[in-house]
Amino acid sequence: MIEAGLIEALHHQPLLVVLRAFDPLDLAESLERLQLLGVHQVEIAWSGHPQWVPHCALLRQRFPRLHLGAASVLDGAGLAAAAAAGLAYVVSPVLDRQLVDRARQLRLPLVPGVLSPTEVHQAWLWGCSLVKLFPASSVGKAYWQRLAGPLGGERSLPHCIAAGGLRPGDVEPWLEAGVDAVALGGALANDAEWQLLAALVARLGARSR
């Protein structure tokens, strides 16, 4: 199970932060801030920037304490770019069999996006041990546990990252409701949100000790 390392890392800090910019180098300031806060998992959104691969590789070198992955990957081109940049994992908003199979060929952990019971079940049948519930805010924090009974119990569900429309204050309630981790994206738009994130990271660190 190539996703095992990421699942274990999320057990210690059940949080991911998603950053977006056409040129990944524009994210350097935010990455430094996240590294100083003690965030471990950061996704860099895939874009068509001609230097996306070398710039992501450079960011990996500049921020060695961050575990960088690729976000918003929809096709083989994004998957190949993430692999070429040396990113640790790939997250997609969709469930696509070709993407799943190609990621396995590359030995690159892939977290596909799911929402419906059919998609969750299909991902499980395809051997996806970790999925992204997206957009999570549209279904509410009780949704994941409601799927357990009809889909055969918790052992028949993959591990779950809730993502889409969530803010720092949502992380702990969603974790308590049964998801394994929460991804934050556009929520970090101002200093107040960053302060909430800093407090959250400290609380999550206290929980893991």
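Begin by selecting Asp-96, which caps the N-terminal end of helix H5: one of its side-chain oxygens lies 2.9 Å from the backbone nitrogen of Gln-98. This is a polar contact, a pair of N or O atoms within 3.5 Å; within protein, one atom must be able to donate a hydrogen and the other to accept it, and residues adjacent in sequence count only if both atoms are side-chain atoms. Helices (H or I, at least four residues) and strands (E, at least two) are DSSP runs, numbered from the N terminus.

The model is predicted: local features need pLDDT of at least 70, side-chain atom pairs count only at pLDDT 80 or more, and totals for chains, interfaces and linings use all residues. Residues are numbered from 1 along each chain as its sequence is written, and side-chain values use heavy atoms, with hydrogens and water left out.

**Helix H5**

Select residues 97–105, the whole of H5, and highlight Leu-99, Val-100 and Ala-103, which are buried. These residues cover an arc of only 100° around the axis, which puts them on the same side of H5; the arc is that of the directions from the helix axis to the C-beta atoms. Buried denotes under 20% relative accessible area, exposed over 50%, and partly exposed the range in between (1.4 Å probe, protein chains only).

Turn to the other side of H5, where Gln-98 and Gln-105 are exposed. Then display helix H4 (76–84) and strand S5 (110–111), against which the buried residues of H5 pack. Contact here means heavy atoms within 4.5 Å.

Past the end of H5, select Arg-107, in the loop between H5 and S5. Arg-107 is not a glycine, yet its phi is positive, about 55°. With 61% relative accessibility, Arg-107 counts as exposed.

How many cavities of 30 Å³ or more does a search of the whole structure find? The search finds one. On a 1 Å grid over the protein atoms alone, a cavity is a set of points where a 1.4 Å probe fits but cannot get out; a pocket is an open set with protein on both sides within 12 Å along at least five of seven lines, and lining residues have an atom within 4 Å of a point. Grid points are joined across faces, edges and corners, and a volume is the space filled by probe spheres set on the points.

The largest cavity holds about 50 Å³ of space. To see its lining, select Ile-2, Glu-3, Val-100, Ala-103, Arg-104, Leu-108, Leu-110 and Cys-128. H5 gives the most to this lining, with three residues. By class, the lining has six nonpolar, no polar and two charged residues. Ala, Val, Leu, Ile, Met, Phe, Trp, Tyr, Cys and Pro count as nonpolar, Asp, Glu, Lys and Arg as charged, and the others, Gly among them, as polar.

**The pockets**

Next, select Val-18, Arg-20, Leu-184, Gly-185 and Gly-186, which lie nearest the centre of the largest pocket among its 23 lining residues. Strand S1 (15–19) and strand S9 (181–184) are the elements that give two or more residues to this lining. The largest pocket contains about 400 Å³ of space, and its lining comprises 13 nonpolar, six polar and four charged residues.

For the second largest pocket, select Leu-10, His-11, His-12, Pro-14 and Asp-180, the residues nearest its centre in a lining of 13. Its space is about 250 Å³. Helix H1 (4–12) and helix H9 (191–208) each supply at least two lining residues, and H1 provides the largest share, four residues. Seven nonpolar, four polar and two charged residues make up this lining.

Move to Ser-47, in the loop between strand S2 (41–45) and helix H3 (52–62). Ser-47 is buried, with a relative accessible area of 12%. A polar atom of the Ser-47 side chain lies 2.7 Å from the backbone oxygen of Phe-22, and the backbone nitrogen of His-49 lies 3.3 Å from a polar atom of that side chain. Beyond its neighbours within four places in sequence, Ser-47 is in contact with Ala-21, Phe-22 and Trp-52.

Select Ser-72 in the loop between strand S3 (67–71) and H4. Its phi is near 60°, a positive value in a residue other than glycine. At 22% relative accessibility, Ser-72 counts as partly exposed.

Finish at Pro-135, in the loop between strand S7 (130–133) and helix H7 (143–148). The peptide bond from Phe-134 to Pro-135 is cis, with omega near -5°.
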